[in-house]
Amino acid sequence: MTYLPKPKFRHPAIEKNELGLTHRDYEGAISTLCAGCGHDSISSAIMHACFELDLPPHRIAKLSGIGCSSKTPTYFLGNAHGFNSVHGRMPSVLTGANLANKDLIYLGVSGDGDSASIGFGQFAHAIRRGVNMVYIVANNGVYGLTKGQFSATADKGATLKKGAANPDDPIDLVMMALHLGASFVARSFSGDKGQLVPLIKAAVEHKGPAFIDCISPCVAFNNHDGSTKSFDYVRAHNEAVNALDFISERAPITTDYAPGEMQLVKLHDGSTIRLRKIGADYDVHDRVAAINYLMKHDVAGEIVTGLVYVEEDPGDMHDRLQTVDTPLNQLGDADLIPGAAALAKINASLR
Amino acid sequence: MRSDKVAPADYFHKVVDCQWACPAHTPVPEYIRLIAAGRYGDAYMINWDSNVFPGILGRTCDRPCEPACRRGRVEDEPVAICRLKRVAADFKENVKERMPPKAARKNGKRVACIGAGPASLTVARDLAPLGYDVVVFDSEPKAGGMMRTQIPKFRLPESVIDEEVDYVLDLGVTFRSGTRIDSLRQVMGEGYDAIFVGSGAPRGRDLDVPGRAEAAAQIHIGIDWLANVAFGHVKKVSKRVIVLGGGNTAMDCCRSARRLGGEDVKVVVRSGFEEMKASPWEKEDAMHEGIPILNFMVPKEVKHVDGRLTGMVFEKVRAEYDARGRRNLVPTGEPDTLIECDEVLVAVGQENAFPWIERDIGVEFDKSGMPIVDPVTYQSTAPNVFFGGDAAFGPKNIIWAVAHGHGAAFSIDALCQGRDVAARPAADGVFVSQKMGIHEWTYDNDISLQRRLKVPLRDNAVALTDIRVEVELGFDTRRALSEAQRCLNCDVDTIFAAKLCIECDACVDICPMDCITFTKDGAEGELRTRLTAPAVNLTQDLYVSDPLKTRRVMVKDEDVCLHCGLCAERCPTGAWDMQKFSVQLPRAGTTCQSRA
């Protein structure tokens, strides 16, 4: 952490996006997390993704629960809406907010404790309901805020800083999200912004529940030799299924790939994700194959990263509930209180 | 590429832009921190060690440091380095006791310095404490040279010159005042081990136009006239005065004329306003005193009636540049302009004059009449005769004369001690970590957003009535603190240890100026294009690390680094550290051997 605010000066040739904003306009307060925390890199990736997508910060709502991860919304997008909820309850608060105003972009930020332990049920239901959101879990495998006990995502056999091994099986949130029907599922690593930033951009543009499990080493308690969520371990065992280029609707396609190497994924707003396949012939639209692939590589001790699964044009909670086009918070008294005649009509229909 | 490994001292010295640009390499950030801490005497002594005349230079320096200042690239305006130097001189406690003691034992070597200007005094300052018997000759009654004769007192009070000249002379230097040297052969015959010529550029260039000779009584050479003003021989001037020339001497002439009764004073310059040699702030000061500067006008004729000056005729020109970028002034064809006046001051340049150096004593001159002098050793073709200041390479500024003096003193010491004069030890340096605690540094790393402060001036109504009243009031201590905090502490370097780095990106994320990138190594030109922010300023180096675990390298563009230390505060492993780099440059008394 740092006591001083970040100096206001910026690079004299700093790039501006279509809104005339620089990436520094997407910053929040100075982080109070430990120096080197992976979560700060995720914050930075979110800022860069929003900057590159030309998103106006005030059209974004960032929601979180409790924990190191859930502190981070304070440290990015200072001009966005925010709600720091109760432990594990971010998904239901987000669902409620989304029901009320579907026009905002919802960014749920959670951790492995917040989502895989106390909020496991909340996580499951928000995903299965198809809430249109980006759900990022900053996953470090320990409870950093309470001095580094194993969390539910810690791998069996991984050790604590002082050597105690984890006897329990881990929860794989990516696998859970696939089972629960998430229409966009990815895993990434805080130390690889080249992969993480395009994933966040694609997740923001995806309409439906987009889940990103982001391994984020805890430098204070879980970045040692016995850890499976350390910088070195993740770098050594990273098995990326694809590399992404996120291409917005406007940008021309400039790079060329050999045929068969590339898979195009259309998003509902007209933008495109281009996936450059790495290694195995991996189909990003095949949920069952994805689950198999994950299990196989998990047994081999490899960490699968990249865009694991995406459904084109999945629809979301509002489509399922057939809500009106106008966001509910914009409905006036006339719409909400149609009067005695309307009530009589409804009553008559039930007789 | 790994640039800092080639010549580490030069690499990190160059990061301190101001110090690198200063001919005398004054450790600017170091003394500015001391000013901020209220340690004015310490700040003064650091200056004195490097540039010998902090009080004088704090008022008159040409400030090569300021255009180089990193703050000017981050914001609009550089730190007011020069005027902070004056603060150190103005508010210091008595520093007399801190001056080096007279040499306890003479070393038996005798050195003659001809001329008592800044170059000679620097040679004397460097050599006298080492035991040299230094004799300084000057035709004037007091030492100081052009600092005393040519710089008007309203810019540089006499008391400041007296004080700083005395610090040098009190080191046991013999000063032969009122002694004009008419023959170098004679001095060479007096058995000195070395002779330093610091006689300046004493002759003002004249004007060659019709009518010049006829109206001679009202036309004066600028530097001679300034000297006459300085010594009180000239006490007033006519009401309408034309000053010819666009350099700092012209600015001193016009402002002096304004104080001696000149009501309608104009500066007329051949070149355009931007190309004038005068420092921008000197032009500003002149205009502030109601003196117009007329450009692109070439003197054509002096008008006179019965030997009395009535005015001058100028031809209007414009600048044209040929294919090789050389400027030609071509007439615009407009009618000539007559400017009526009663007196003309000619400040169109200075020339060196060495009528007193015989041409058959081993000191060779080039075609233009300048001595042949080695630009590193300051040695002439006569092995024991050295030149410095304006006498060596033509008119420059005081700070250059000081730099020449240091260099010549080193050579003289080498010569007298039987070492190779040409062997210069490489610059060396010391790194000291500035870390005191988790977020505590020995320096103030909070970046001030304060804009550059102006030095308050005395009101024109008072300033223009007395030529001895100093115009600039200087910063008070409160303003000095505020200005000092604008300094970015560029001598506190970001030092990176590749073997400690875990590549967590924390430094990249926190850097407010997007200076840091982790990427594949490459050739510099190509590397510059693929950094977080493209490194387009080619005068600023890239700091490239050894390969990291991922085979990438850390690249930091030095250009606009604020030295805020946030990279080091965010680094979980201490791979980044803020370390103060103190460059150690060779001086008379240091030898190659002792630094090996």
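1. Helix α1 of chain A is mostly covered, in this predicted model. Of its 15 residues, 13 are buried. The helix covers residues 38–52. At 1.5 Å a residue it should span 21 Å, and its end C-alpha atoms are 21 Å apart, so the length agrees with expectation. After α1(A) comes D54(A), with a positive phi near 55°.

2. Now chain A as a whole. It has twelve helices and 13 strands. Its radius of gyration is 21 Å, close to the 20 Å from the globule rule for 351 residues, so chain A is as compact as a globular protein of that length. The C-alpha trace spans about 70 × 50 × 50 Å along its principal axes. Of the 351 residues, 47% count as buried.

3. Chain A gives 24 residues to the contact and chain B gives 28. On the side of chain B, α7 (71–74), α20 (506–510) and α22 (566–570) each supply at least two residues. By class, that side has 17 nonpolar, eight charged and three polar residues.

4. Chain B is divided into two domains: domain 1 (110–202 + 352–416) and domain 2 (204–350). Note that domain 1 is written as two segments of sequence. Taken over C-alpha atoms, the centres of domain 1 and domain 2 of chain B are 30 Å apart. Nine residues of domain 1 are in contact with eleven residues of domain 2. The domain 1 side of this contact holds five nonpolar, two polar and two charged residues.

5. Next, an open sheet in chain B. Which strands form it, and in what order? There are five, in the order β6-β14-β7-β8-β9, and the pairing is parallel. The edge strands are β6 (219–221) and β9 (293–294), each of which pairs on one side only. Three bridges join β6(B) to β14(B), residues 343–346. As background, strands of a sheet pair through backbone hydrogen bonds, either parallel or antiparallel.

6. Strand β4 of chain B, residues 194–197, pairs with two other strands. Strand β1(B), residues 110–114, runs parallel to β4(B) and joins it over four bridges. Here V111(B) has A194(B) as its bridge partner. Strand β16(B), residues 385–387, is also parallel to β4(B), with three bridges between them.

7. Is β4(B) covered or open on its faces? Both faces are covered. A194(B) and F196(B) lie on one side, I195(B) and V197(B) on the other, and all four are buried.

8. Last, look at F581(B). This residue lies in strand β24 of chain B, residues 576–584. Why does F581(B) count as buried? It has 22 C-beta neighbours inside 10 Å, and the cut-off for a buried residue is 20 or more. Leaving aside neighbours within four places in sequence, F581(B) is in contact with F12(B), G429(B), F431(B), D491(B) and D493(B). Also compare F581(B) with V432(B): they are 149 residues apart in sequence, but their C-alpha atoms are 6.7 Å apart in space.

Definitions and conventions: Residues numbered from 1 in each chain as written. Chains lettered and ligands numbered in written order. Predicted model: local features only at pLDDT ≥ 70, side-chain atom pairs only at ≥ 80, totals over all residues. Rg over C-alpha atoms; globule rule 2.2 N^0.38 Å. Buried ≥ 20, exposed ≤ 12 C-beta atoms within 10 Å, placed from the backbone. Domains from an automatic or database assignment. Contact = placed C-beta atoms within 7 Å. Nonpolar A, V, L, I, M, F, W, Y, C, P; charged D, E, K, R; others polar. Expected span 1.5 Å × (residues − 1). Pairing = 2+ DSSP bridges.
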